[in-house]
Amino acid sequence: MKAIFYLLLSLLLFNACDLIEYSPNQAFDRNTPRDLNQKHIARLVQNSGDDTIRFALVGDSQRAYKDASDFVETANNKKGLDFVLLAGDISDFGLLNEMEWIDKIFSKLNAPYIGVIGNHDMVANGENVFKRMYGKLNFSFIYKGIKFVCHNTNSREVNFDGNVPDMPWLKSELGPSAGVDAYIAVAHVPPFSVDFDPRLEASYVNLINSSPNTLAALYAHNHSEEVRYPNDQAIPYLVTYNIGRRQFLLIEIIEGRLKYESVKY
């Protein structure tokens, strides 16, 4: 009888494992999606569509689950939307559950979405969660001749050690490349933020501005909408509202020209 009791207890515990969260800092569970950016980019580049590139720039979805759901509904009603850029702070505390909840909401988008890491996504075990769910912190993709260079600018989270953003990587990615007509830089923390490494600000802006055919640099983080032209160059540095403010940027590229509008919902 004792042997049977222990056998039944072992089976019960084994079957209950999926219900147990071992740590709030765990990087995955049995239902955690993997490599979302890679999968969504693959889906995006299969889309022939028309010549216009149309996408939404949003950020800072942290704890704004109802507003995120409303954003998805609004985005799904935008005709011809190719994709969505979620520019960081997907989570507030770098927790697995937070990123899974946002992905569950954003997975209802008709268009693919691509996530960029934010400073809040790097606290606790968030960086490992992001890498498993979304992929690399620095990556790029080409869509209809435009190269989107997505990168980590969360300098404060590495104590301004001079390695974030990764300048050599950026220089390589923003250099001339076959099949690329223009470039767009995408990150979370803009270079004019106190959370951006001040020692790298000037070289970063110079690199973005000197890259051939750069159309824009896109950010979130500040929880406000901003348009700046560092060094009085023609390249706009656009910052989108946080999702909780129920406003985002709708960006279009038509015949190599970029235009944008602020959309409330």
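**Salt bridges across the chain**

Asp92 and Arg63 join their side chains in a salt bridge, with N and O at 2.7 Å. This pair connects distant parts of the chain, since Asp92 sits in the loop between strand E2 (83-87) and helix H4 (96-106), while Arg63 belongs to the loop between strand E1 (53-58) and helix H3 (65-76), 29 residues apart. The two partners can be set side by side by their accessibility: Asp92, at 8% relative accessibility, counts as buried, whereas Arg63 is exposed, with a relative accessible area of 56%. The model is a predicted one, and a search of the whole structure finds eleven salt bridges in it.

A second pair brings helix H3 itself into the picture. The side chains of Asp70 and Arg246 form a salt bridge with an N to O distance of 2.9 Å. Because Asp70 lies in helix H3 and Arg246 in the loop between strand E9 (237-239) and strand E10 (247-254), this pair ties together parts that are 176 residues apart in sequence. Asp70 counts as buried at 15% relative accessibility, and Arg246 is partly exposed, its relative accessible area being 27%. Asp70 and Arg246 also belong to a network of salt bridges that links them with Lys66 and Asp67.

A further salt bridge is formed by Glu173 and Lys147, whose closest N and O atoms are 3.1 Å apart. Glu173 lies in helix H6 (residues 167-173) and Lys147 in strand E5 (residues 146-150), so this contact ties together parts that are 26 residues apart in sequence. Here both partners, Glu173 and Lys147, are buried. Side chains of opposite charge can pair in this way when their charged atoms come close.

How values were computed: Residues are numbered from 1 along each chain as its sequence is written. This is a predicted model: local features need pLDDT of at least 70, side-chain atom pairs count only at pLDDT 80 or more; totals for chains, interfaces and linings use all residues. Side-chain values use heavy atoms; hydrogens and water are left out. A salt bridge is a side-chain nitrogen of Lys or Arg within 4 Å of a carboxyl oxygen of Asp or Glu. Helices (H or I, at least four residues) and strands (E, at least two) are DSSP runs, numbered from the N terminus. Buried means under 20% relative accessible area, exposed over 50%, partly exposed in between (1.4 Å probe, protein chains only).
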